[in-house]
Amino acid sequence: MTKALPFPFLVLILGLLLMDCSGKSAEIDLVYPDGNHKALIMSYDDGLADDIALAQLFDHYGIIGTFHLNSGLLDTRAIWNEGKPNEFLGTYLSKDTLVHVFKNHEIAVHGTYHKALIGLSDEEILEEINVDIENLSILSDRKISSMAYAFGSTNDHVAEVIGTTPLTNARTVKSSHNFDLPQDYYLWNPTCHDSEALEYLEAYLSLNSPSLSLFYVWGHSWELRDTLRNQNILKFCHEIGDRDDIWSSGAGDFADYHASLKALELSTKQMTNPVGNGIVYYREKGQLKSLHPGQSLLR
Ligand SMILES: [Zn+2]
């Protein structure tokens, strides 16, 4: 299981290590790929046809969503969904529409048949998840990197098993109620459910911190059939979308970028981006700059 170095510590270490001759701190201002310190992940589960309208809403506001699908249930009727708000009989998305619906969004795993993983054998866990990865890879012709635990069913052991799959991250349903970057990408606690997102909105929009932060929201598009909930998500997207101070990212791209930051090699005189790593971004005197793999930043 990957253990993330807490980002404030990384920034602190950089600040301590990169001192100029006068002893004055020369902290490197690491930023997200678009130059910002703030980021947004919108993560939605189950893959019902309601995802279509939500993906269109995200498109309208320039928001990138991460949509967790149960590939074994696509093209079927969601029996469990009967009698839910507005008495709409839910249907899962069609396999042949995924690439179109999620053209601008991340397609991710939620288990082939939406099984709770606690209580399954390791072999059963891997079957449930690896088949979903394979199915979604074939249907989308994309690399599949992210997952959300069905029913939020996970623990340290389940997360350890998921860490052996090709996935880079897996989301829980346990709210962190903060904007911190995760300690453990296979037990990634979101900030909050989307029913609480408006409560955190103003605090995040007004946040002005030199540290990297993340507002991570999760939910189900089928819950948004409720009129008030629908109005609230519209308001949320209207307020947080199309902003030039927040990086909207899929969970997979976010995890990849943070992994690249953690792989930077630090010495007292320089910071090196190792060969094979991703490009990392920083600001120098306000200007956005990039450090490519194999390059070093001398101080
Ligand atoms: Zn689910």
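1. This is a predicted model, and the protein in it has eight helices and 14 strands. Of its 299 residues, buried ones make up 40%. Among the contacts between residues at least 6 apart in sequence, 66% join residues that are at least 24 apart.

2. On confidence, the protein averages a pLDDT of 91, and 89% of the residues score at least 70. Over residues 1-5, however, the pLDDT is below 50, although this stretch has 16 contacts in the model beyond near neighbours in sequence. Residues 7-25 likewise have a pLDDT below 50, with 27 contacts in the model beyond near neighbours in sequence. Where pLDDT is low, predicted coordinates should not be read in detail.

3. Helix H7, which covers residues 227-240, has 14 residues and reaches 20 Å from its first C-alpha to its last, close to the 20 Å expected at 1.5 Å a residue. Within H7, the residues Ile233, Phe236 and Ile240 are buried. Seen down the axis of H7, its buried residues fall within an arc of 60 degrees, so they line one face of the helix. As background, an α-helix has 3.6 residues a turn, so residues three or four places apart point the same way.

4. The buried residues of H7 pack against strand S2 (38-45), helix H6 (197-206) and strand S9 (246-248), whereas Thr227, Leu228, Gln231 and His238, on the other side of H7, are exposed. After H7 comes Asp242, whose phi is positive, near 55 degrees.

5. Asn36 deserves a separate look, and is found in the loop between strand S1 (29-31) and S2. Asn36 counts as buried because it has 20 C-beta neighbours inside 10 Å, and the cut-off for that term is 20 or more. Leaving aside neighbours within four places in sequence, Asn36 is in contact with Val31, Asp245, Ile246 and Trp247. Although Asn36 and Trp247 are 211 residues apart along the chain, their C-alpha atoms are separated by 6.4 Å.

6. Strand S3 (residues 65-69) and S4 run parallel and are joined by four bridges, and His68 stands opposite Ala108 in S4. Which way do the residues of strand S4 (residues 106-109) point, and are they buried or exposed? Glu106 and Ala108 point one way from S4, while Ile107 and Val109 point the other way, and all are buried. In a regular strand, the side chains alternate between the two faces of the sheet.

Technical notes:
Residues are numbered from 1 along each chain as its sequence is written. This is a predicted model: local features need pLDDT of at least 70, side-chain atom pairs count only at pLDDT 80 or more; totals for chains, interfaces and linings use all residues. A residue is buried if 20 or more other C-beta atoms lie within 10 Å of its own, exposed if 12 or fewer, and partly exposed in between; C-beta atoms are placed from the backbone. Helices (H or I, at least four residues) and strands (E, at least two) are DSSP runs, numbered from the N terminus. Two strands pair if DSSP finds at least two bridges between them. Two residues are in contact if their C-beta atoms, placed from the backbone, lie within 7 Å. The expected span of a helix is 1.5 Å times one less than its number of residues. The arc is that of the directions from the helix axis to the C-beta atoms. pLDDT is the predictor's confidence in each residue, from 0 to 100.
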